[in-house]
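Dear colleague,

Please find below the structure that I am handing over to you. My findings are set out after it, and I would be grateful if you would read them beside the structure.

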Amino acid sequence: MRVEFRPEPGCGEPYLVLVAEERSGETDALMAKLSALGTGPLPGRRGDEARLLGPEEVLRFYGGTKEVFAHCADGSEWQLRERLYELEERFCPGGAFLRISNSEIVNVKRVTGLDLSLAGTIRMTLDGEVVCYVSRRYVKKIKKALGI
Amino acid sequence: MKPEIKKALSRACIGFPCGAGVVCLLPILWGCASGGGVCLTTGALVLSKGTEAGAALFQFLCVGTLGAAIGFSSIFLEREGSFLWNSLWHFLFNITAFTATAWNCRWFEVRGDRFFPRYLGVTAVLAAFYLIVWAARCIAWRSDVAAIRKKMGLAEAQSGPSPLKWRESLPYLVLAAALFLLLRPLLAPLDGPDVPVLTGLLLPWLCYPFTAAVAGFAAGRQYGPCPLLPPAVLTAFLPNLLFFSPAYDLSQGLAYAGIALVFNLLGALWGKLRQKQK
């Protein structure tokens, strides 16, 4: 594979661009690996306690514009400094995480079930029977993100 | 003010001129199509307001308000949560606005008829539209959710099939039933008095069999045999027997139920063959 370096003064944080003829399973896997390089641990806090959270232990990120929380697999919840859109930019492109609504981003590997009720609500179940709801407005975006 | 309230109010502002425009345009189109004169309001309204101009202005304002209400209520459908509840609120809000408008504008007091029979008929048609929209959206969302589930490698529905597969086949039952209930009253006013092509030929020989076949096949392909579909088709057909001209027969209902059953089984077979191929 050809690797190039292109200097871009003023670009701020370095970023990688993958160039290919078309999107395929191979390019998706490569993007996931490359994205994981930038997804280091997140500092979270809970009262006086602080901890570094690995993305793999997070079930979902949720919250609004001001306060964002990480819900971990062990049941603990930690407040994060980052905003939801920043977490989306950092974790979603690789496909490891998926934004399912205005206020929620889930870890794809932790999803155990997806059901549609007759009332039209889309229920997503994560590890540990954690339940969250997919916004109907996000279904199209989710399909696009998954390459459907 | 919340952004969604602002949005709803701006839609209401668009809805008012749309509603008022429709109430002016429809009688003109109807008059041109029927070859008769243009009559903007009902006779009962003219009598109550004294002059035609007064009646027309009153109706213009009422229907404009109805248009504004419809525009405002669109906000219900954009809310998250239960689509069923949101649709119900939307329907109740709009039917209340429609009822108030119809009553004030004396729309159902033609030739001394009572208000309620025609009003109930229109309400039933509107309710059937909502059911059709719900069923169609439910079927579309199911397809999307199934595709996402498959891509993510998740298991099929967490619980087994419901008794008689009522849950799985409900959107198809509702869609088929709503079409059987809706098409006749919609097409009847458009039919010619001498040769009712629409309700005499098109509906019984094309539309109804097609609806039964498509609903049966689609449900069968997706969920296998659905025992509730043929009786639902027959039951939904029964109100058609209340119309006098052209008169329908119970045997037609049985035929449509039979078509739904046959195509449901064909769909189930098709679905199984496709699965085996994969």
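This is a predicted model: local features need pLDDT of at least 70, side-chain atom pairs count only at pLDDT 80 or more; totals for chains, interfaces and linings use all residues.

Domains of chain B

Chain B is divided into domain 1, covering residues 1–107, and domain 2, covering residues 125–278. Taken over C-alpha atoms, the centres of these two domains of chain B are 32 Å apart. Where they meet, seven residues of domain 1 of chain B are in contact with six residues of domain 2 of chain B. About 650 Å² of area is buried between the two domains of chain B, and carbon and sulfur atoms give 82% of that area. On the side of domain 1 of chain B that touches domain 2 of chain B, four residues are nonpolar, three are polar and none is charged. Between these domains of chain B there are zero salt bridges, while two residue pairs are in polar contact, both at pLDDT 80 or more.

Aromatic pairs

Over all chains, a search of the whole structure finds 18 aromatic pairs. One of them joins A:Tyr62 and A:Phe69, which are stacked at 5.7 Å centre to centre with 25 degrees between the planes. A:Tyr62 counts as buried because its relative accessibility is 18%, under the 20% cut-off. A:Phe69, with a relative accessible area of 23%, is partly exposed. Another pair, B:Tyr172 and B:Tyr223, is edge-to-face, with 6.4 Å centre to centre and 70 degrees between the planes.

Yours sincerely

Note on methods: Residues are numbered from 1 along each chain as its sequence is written. Chains are lettered from A and ligands numbered from 1 in the order in which they are written. Side-chain values use heavy atoms; hydrogens and water are left out. Domain bounds come from an automatic or database domain assignment. Contact means heavy atoms within 4.5 Å. Buried area is the accessible area (1.4 Å probe) that two parts lose on being put together, summed over both. A salt bridge is a side-chain nitrogen of Lys or Arg within 4 Å of a carboxyl oxygen of Asp or Glu. A polar contact is a pair of N or O atoms within 3.5 Å; within protein, one must be able to donate a hydrogen and the other to accept it, and residues adjacent in sequence count only if both atoms are side-chain atoms. Ala, Val, Leu, Ile, Met, Phe, Trp, Tyr, Cys and Pro count as nonpolar, Asp, Glu, Lys and Arg as charged, and the others, Gly among them, as polar. Rings of Phe, Tyr and Trp (its six-membered ring) pair if their centres lie within 6.5 Å; planes under 30 degrees apart count as stacked, over 60 as edge-to-face and the rest as tilted. Buried means under 20% relative accessible area, exposed over 50%, partly exposed in between (1.4 Å probe, protein chains only).
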